[in-house]
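Work through the exercises below with the sequence and the model at hand. Try each task before reading its solution.

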Amino acid sequence: MASQVYFTSLRTGYRNSLPTKIQRLALAAGLEDIVRKGGLTAVKLHFGEKGGTAFIRPVLVRPVVDALLQAGARPFITDTGTLYVGSRGNAVDHLNTAILNGFAYPVAGAPLIIADGLDGGDEVAVPVNLKHFREVMIASAIVRADSMVSLAHFKLHDAAGFGGAIKNIGMGAASRKGKMAQHSEVAPKIVNKKCIGCGLCVEQCAHGAISIVERQAGLAAPSPSVSKVVQIDRKLCVGCAQCIHACQQGALTIDWDTDFPKLMEKIAEYAAGAIKGKEKRSLFINFLTQISPACDCYPFSDAPIVGDIGIAASKDPVALDQACVDLLNKSPHLPSSCLKGQEHYPDKIRAVYPKLDWERQLIHAEEVGLGARDYELVEIEGNKR
Ligand code: SF4
Ligand code: SF4
């Protein structure tokens, strides 16, 4: 049976402000069904990187928080730390960035909690027994929450093709170790020419996987006087990524898994783990606004590739993401974006990323039972202002 995806346009007027429409959309999609009175509800979103501008504005998060409060829930707004060293790599930087981006309590209406703790290590192993993972490492505050509302800014993504509900809870609810397991074949990559052999990373490794060794002749070095270099024992490394954050020289990086279909499948399996136990107590809302051509984790947001489309919501994250891809592909592109010229782009994701088979994310999400790609679009207010 087709899943229902509710949709509202962005037309507004005196009786229908956007916050009012968002609240009606959330209620139509079943927000009251997914919460228990007094239950802690994780409102999972992306606070935006410092310099990024396409994330969901806090004033548009508030109506969802208010609806949750009215339904008797105790909402908190949450995200997890990043793998890369940006402005959200630990809870302190992350909260400072969130506040800088406008997520102050008086605006958003609920406390901010970094779901995987101070340094990305507060996690719970959730058994899933799927193709790539027997268990997935999910941020503890998300596992312990009674229910979840995913608020995702729908956009293109340079590794997953697009980022919507599945990616928001798949990669976005994973602890640092969980992100590492999705992104790479575990151990960080060493950039020999940047390593000064300082040993800072050794102290951070709880698994004894790092040592400092004599630099062999011919190995690139920052300067001829640097005689030591880092070495990682891949058998001992568990991929927690702590050392990446410890290195001030940028000498340890994520070994980005170039097998993108595999990455997409891993994201889908993590998404299944993130909602395990609250499959009936999760709601997904995607904002099809400022649809930028790349991930919100960059410290900038490039020009949107289409005009703003609307907001969609469903209890089925697969149906929701499929509907959003279809809405995107039906919209005329903006020649002021990276999709230049007058040509029609029936598949805008492939137009930007020709080598990414973005459908893999949806196909595997359906295979692991996260939802169905078949959907019925229910316009709750049409173009009513
Ligand atoms: S990723 Fe974690 S386990 Fe692996 S070397 Fe770095 S700190 Fe050690
Ligand atoms: S990888 Fe970074 S922290 Fe580790 S020894 Fe090299 S420069 Fe120092």
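**Exercise 1. Which residues of helix H8 (residues 176-183) are buried, and what do they pack against?**

Solution. Start with the terms. Helices (H or I, at least four residues) and strands (E, at least two) are DSSP runs, numbered from the N terminus. A residue is buried if 20 or more other C-beta atoms lie within 10 Å of its own, exposed if 12 or fewer, and partly exposed in between, with C-beta atoms placed from the backbone. The model is predicted: local features need pLDDT of at least 70, side-chain atom pairs count only at pLDDT 80 or more, and totals for chains, interfaces and linings use all residues. Residues are numbered from 1 along each chain as its sequence is written, while chains are lettered from A and ligands numbered from 1 in the order in which they are written.

Step 1. The buried residues of H8 are Arg176, Lys177, Gly178, Lys179, Met180, Ala181, Gln182 and His183.

Step 2. Eight of the eight residues are buried, so H8 is largely enclosed by the rest of the structure.

Step 3. These buried residues pack against E5, E6 and H11. Here two residues are in contact if their C-beta atoms, placed from the backbone, lie within 7 Å.

**Exercise 2. At roughly what angle do the axes of H8 and H11 cross, and which residues meet?**

Solution. Axes are lines fitted to C-alpha atoms, for helices over the stretch in contact, and angles run from 0 to 180 degrees between N-to-C directions.

Step 1. The axes of H8 and helix H11 (residues 260-274) cross at roughly 145° and come within 8 Å.

Step 2. From H8, Gly178, Gln182 and His183 take part; from H11, they meet Leu263, Lys266, Ile267 and Tyr270.

Step 3. Sort the residues of this contact: three are nonpolar, three polar and one charged. Ala, Val, Leu, Ile, Met, Phe, Trp, Tyr, Cys and Pro count as nonpolar, Asp, Glu, Lys and Arg as charged, and the others, Gly among them, as polar.

**Exercise 3. How do E5 and E6 pair, and where is Asn129 found?**

Solution. Two strands pair if DSSP finds at least two bridges between them.

Step 1. Strand E5 (residues 123-127) runs antiparallel to E6, with five bridges in the pairing. Val124 stands opposite Ile138 in E6.

Step 2. Strand E6 (residues 135-139) is mostly covered, with four of its five residues buried.

Step 3. Asn129 is found in the loop between E5 and E6. Asn129 is exposed, having 8 other C-beta atoms within 10 Å. Its phi is near 50°, a positive value in a residue other than glycine. Most residues other than glycine have a negative phi.

**Exercise 4. In what order do the strands of the open sheet lie, and which stand at its edges?**

Solution. 

Step 1. Eight strands form the sheet, in the order E4-E3-E2-E7-E14-E15-E1-E16, with mixed pairing.

Step 2. Strand E4 (112-114) and strand E16 (375-379) are at the edges; each has a single partner strand, so one side of each is left without a neighbour in the sheet.

Step 3. Neighbouring strands are turned by 25° against each other on average, direction ignored.

Step 4. E1 pairs with E16 in the parallel sense over five bridges, and with E15 in the antiparallel sense over three bridges. Ser3 has Tyr375 as bridge partner in E16, and Phe7 has Ala312 in E15.

**Exercise 5. Which residues come nearest to ligand 1 and to ligand 2?**

Solution. A residue is near a molecule if its C-beta atom, placed from the backbone, lies within 6 Å of it.

Step 1. Around ligand 1 there are 15 residues, of which Cys205, Ala209, Cys237, Cys240 and Cys243 come nearest. This shell divides into 11 nonpolar, four polar and no charged residues.

Step 2. Around ligand 2 there are 14 residues, and Cys195, Cys198, Cys201, Cys247 and Ala251 come nearest. This shell has 11 nonpolar, three polar and no charged residues.
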